[in-house]
There are 2 protein chains.
Amino acid sequence: MFDKKIKLGTMFEFYGQLLTEKQQEILEDYCILDLSFGEISEELGISRQAVYDTIKRAEKQLDQYEDKLGMAARFEQREKAIRHLVDGMREIDVKISEEAEASELHERISELIREASDILE
Amino acid sequence: MFDKKIKLGTMFEFYGQLLTEKQQEILEDYCILDLSFGEISEELGISRQAVYDTIKRAEKQLDQYEDKLGMAARFEQREKAIRHLVDGMREIDVKISEEAEASELHERISELIREASDILE
C-alpha cells in the first residue's frame with residue numbers, strides 16, 4: 001500500500017499535468033498532502049466512493065502514460081547514473097587521501113567514465 | 001529550419017507515443033528517415049499539403065505536451081549533469097597524471113560533488 005502510494009506520487013509528478021483539474025486536485029490531496037479518502041471527501045464535499053473512483057481512474061491513466069512514454073523509468077536511470085558517479089568520486093577522494101597509486105586511480109576513473117558513457121549512448 | 005527539425009525530432013522522441021499512428025508514421029519519415037514532404041506524399045499516396053498539415057499539427061501537439069510536462073528540458077538537464085561529471089573526472093585524471101597535490105584534487109572533487117548534489121535535490 002505504502003509503495004503503491006509512492007509510485008502513484010511519482011507518476012503524478014511526471015504526468016499529473018495531463019489529468020483534469022479535478023483529478024489533479026484530488027491526487028494532490030492524496031499524494032502530496034497525504035490526506036485520507038475520508039478527509040478528501042469532507043474537504044471537497046463529495047462521497048468517499050467518488051474520491052476512491054477518481055484516484056483509481058487517474059492511477060490507471062497515469063500508468064498508461066508511463067507505459068507509452070516511460071519517462072519515470074528513464075529519468076530514474078539518469079538519476080542513478082549521477083548518484084553512481086558521485087559515489088565513485090567520493091571513493092576516489094578517499095583513495096587519494098590514502099595515497100593510492102596513480103595507476104589505480106586512473107583505472108577506477110576510466111571505469112566510471114566508461115559506465116557513464118554507456119548510459120549516455 | 002535545421003534546428004527546428006532537430007527540436008521536432010527530440011519532441012517526437014519524447015512524446016511521439018501520444019500521437020496517432022498516422023502522425024507517428026509521417027513524423028518517423030520526416031524526422032528519422034529524413035524524407036522530404038514530396039517523398040512522404042509519394043510513399044503514402046496523400047497530398048504534399050496533407051503531409052505538411054499533419055506535421056504542423058503534430059508539432060503543435062508535441063509542443064503542448066512539452067509545455068505541460070517539460071520532460072525534454074528536465075532530461076537534457078540530467079544529461080548535461082552526467083557529461084559535466086564525466087568531464088570533471090577526465091580533468092581529475094589529468095591532474096593525477098601531472099602529480100597534482102592531494103588538496104587540489106580533494107577541492108575539485110568536492111566542488112563536482114556539490115554541483116551534482118544540487119541537481120539531484
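Why is it called that?

User: Why is Gln23(B) called buried?

Analyst: Gln23(B) has a relative accessible area of 7%. Buried means under 20%, so Gln23(B) counts as buried with its 7%. Keep in mind that this is a predicted model.

User: What makes Thr54(B) a contact of Gln23(B)?

Analyst: A contact needs heavy atoms within 4.5 Å. Setting aside neighbours within four places in sequence, Gln23(B) has such contacts with Thr54(B), Ala58(B) and Gln61(B).

User: Where does Gln23(B) sit, and which other residues around there are buried?

Analyst: Gln23(B) is part of helix H2, residues 21-32 of chain B. Along with Gln23(B), the buried residues of H2(B) are Gln24(B), Ile26(B), Leu27(B), Asp29(B), Tyr30(B) and Cys31(B).

User: How do you know what span to expect for H2(B)?

Analyst: You take 1.5 Å times one less than the number of residues. H2(B) has 12 residues, which gives an expected 16 Å, and its first and last C-alpha are 15 Å apart, close to that. After the helix comes Asp34(B), with a positive phi near 60 degrees.

User: What makes the length of H5(B) agree with a helix?

Analyst: Helix H5 of chain B covers residues 71-97, which is 27 residues, so at 1.5 Å a residue the span should be 39 Å. The end C-alpha atoms are 39 Å apart, so the two agree. Just past H5(B), Glu99(B) has a positive phi of about 55 degrees.

User: Is Glu99(A) buried or exposed, and how do you know?

Analyst: Exposed means over 50%. Glu99(A) has a relative accessible area of 70%, so it is exposed.

User: What about Ile82(A): buried or exposed?

Analyst: Its relative accessible area is 0%, and the cut-off for buried is under 20%, so Ile82(A) is buried. Ile82(A) is in helix H5 of chain A. Leaving out residues up to four places away in sequence, Ile82(A) touches Arg78(B), Ala81(B), Ile82(B), Leu85(B), Ala116(B) and Leu120(B). Within chain A, Ala116(A) is 34 residues from Ile82(A) in sequence, with 8.4 Å between their C-alpha atoms.

User: Why is Glu79(A) called buried?

Analyst: Glu79(A) has a relative accessible area of 14%. That falls under 20%, so the label is buried. Glu79(A) is in helix H5 of chain A, and, not counting residues up to four places away in sequence, it touches Arg78(B) and Leu120(B).

User: Which residues line the largest pocket?

Analyst: Among them are Thr10(A), Phe14(A), Glu79(A), Arg74(B) and Arg78(B). Helix H1 (2-15) and H5 of chain A, together with H5 of chain B, each give two or more residues to the lining. H5(A) gives the largest share, 5 residues. The space in this pocket is about 200 Å³.

User: What does UniProt say about chain A, and how helical is that stretch?

Analyst: An unreviewed UniProt entry places a "coiled-coil region" at residues 48-115 of chain A. In the model, that stretch is 93% helix and 0% strand, and its end C-alpha atoms are 49 Å apart.

Conventions
Residues numbered from 1 in each chain as written. Chains lettered and ligands numbered in written order. Predicted model: local features only at pLDDT ≥ 70, side-chain atom pairs only at ≥ 80, totals over all residues. Heavy atoms only, no water. Helix = DSSP H or I, 4+ residues; strand = E, 2+ residues; numbered from the N terminus. Buried < 20%, exposed > 50% of the residue type's maximum accessible area, 1.4 Å probe, protein only. UniProt positions renumbered as here; feature names shortened; annotations may be inferred. 1 Å grid on protein atoms, 1.4 Å probe; cavity = no way out; pocket = protein on both sides within 12 Å on 5 of 7 lines; lining within 4 Å. Points joined across faces, edges and corners; volume = space filled by probe spheres on them.
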